[in-house]
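User: I have a structure open and would like to go through it slowly with you. Could we start with the charged side chains and then move on to the strands and the core?

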Amino acid sequence: MFVENEEKPGKSVSGKILLALTGGLGLAITCVSIPFVSPAFRKICLPYVPATPAQITNVLSALHRASGLPKPPRNLVLDIGSGDGRIVLATAKEGYKSHGVELNRFLVYYSRLSAARCGLWNDVRFFRKNLWQFNISPYSHIVIFGVDCMMDDLEKKLKSEVTEHCTIVACRFPFPTLRPSDTIEAGVDSVWTYKINQAKS
């Protein structure tokens with residue numbers, strides 16, 4: 001006589017729990033990774049690549065040299081595509097009032113948490129906004145770690161929006177037609193400084 005084996009209740013419950021945990025973990029990974037992967041589907045992609053210590057040092061040096069002062073005046077700095085906020089925090093520590101604009105919500109939350117941990121909450125702000133819809137006209141200094149394919153469109157936005165005497169610091173890639181007023185040659189850590197009043201001349 002054939003008797004069908006009965007499934008043991010313990011195994012059934014543990015199997016369902018394991019399946020639920022696996023599914024939940026997969027969903028969590030998907031939710032977290034979407035903001036990092038989705039830029040690849042946009043026309044212009046600004047990927048998250050953290051600034052190196054050398055790049056941060058060069059950005060600060062470029063801003064100081066552009067200001068002509070050992071310590072900069074307390075002007076507004078904007079980091080475009082601020083990522084994990086390290087440029088914003090570094091400039092704030094040097095006396096700037098610093099803002100960052102970033103589309104990835106997790107990086108914005110992480111940046112705000114870092115600012116609170118460093119005691120810089122009152123000196124920085126992070127906006128979760130699309131760069132191309134963000135007003136950059138209030139800023140005296142703008143920092144951008146760009147990619148080659150976006151520099152032409154960004155140059156047009158800068159020319160149409162920034163005020164005269166605005167300092168622009170570009171890292172990793174220079175602008176296609178703007179002429180830099182200063183350059184820190186350092187290979188992949190090179191920095192180009194531009195003055196918008198030169199760009200309009």
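Analyst: The side chains of Asp 84 and Arg 86 form a salt bridge, with 2.6 Å from N to O, where the term stands for a side-chain nitrogen of Lys or Arg within 4 Å of a carboxyl oxygen of Asp or Glu. Please keep in mind that this is a predicted model, in which local features need pLDDT of at least 70 and side-chain atom pairs count only at pLDDT 80 or more, while totals for chains, interfaces and linings use all residues. Residues are numbered from 1 along each chain as its sequence is written, and side-chain values use heavy atoms, with hydrogens and water left out.

User: Is Asp 84 buried or exposed, and what about Arg 86?

Analyst: Asp 84 is buried, at a relative accessible area of 8%, whereas Arg 86 is partly exposed, at 32%. Here buried means under 20% relative accessible area, exposed means over 50%, and partly exposed lies in between, using a 1.4 Å probe and protein chains only.

User: How many salt bridges does the count come to?

Analyst: The count comes to five salt bridges, and one of them joins Glu 155 to Lys 159, whose closest N and O atoms are 3.2 Å apart. Glu 155 and Lys 159 are four residues apart in helix H5, so about one helical turn separates them. Glu 155 is buried at 4% relative accessibility, while Lys 159 is partly exposed at 34%.

User: OK, new topic. Which strands pair with E1?

Analyst: Strand E1 (residues 76–80) pairs with strand E2 (residues 97–102) in the parallel sense over five bridges, and it also runs parallel to strand E4 (residues 141–145), to which four bridges join it. Helices (H or I, at least four residues) and strands (E, at least two) are DSSP runs numbered from the N terminus, and two strands pair if DSSP finds at least two bridges between them.

User: Which residues face each other there?

Analyst: Ile 80 has Val 101 in E2 as its bridge partner, and Val 77 stands opposite His 141 in E4. Four of the five residues of E1 are buried.

User: What sits in the largest nonpolar core?

Analyst: That core has 24 residues, and those touching the most other members are Leu 78, Ile 80, Ile 142, Leu 154, Leu 158 and Phe 175. A nonpolar core is a set of buried Ala, Val, Leu, Ile, Met, Phe, Trp, Tyr and Cys residues joined through side-chain atoms within 4.5 Å. Helix H5 (151–161) is among the elements that each supply at least two residues, and the largest share, three residues, comes from H5.

User: What does Phe 175 touch?

Analyst: Leaving out residues up to four places away in sequence, Phe 175 touches several residues, including Leu 154, Glu 155, Leu 158 and Tyr 194, where contact means heavy atoms within 4.5 Å. Glu 155 is the residue that also forms the salt bridge with Lys 159.
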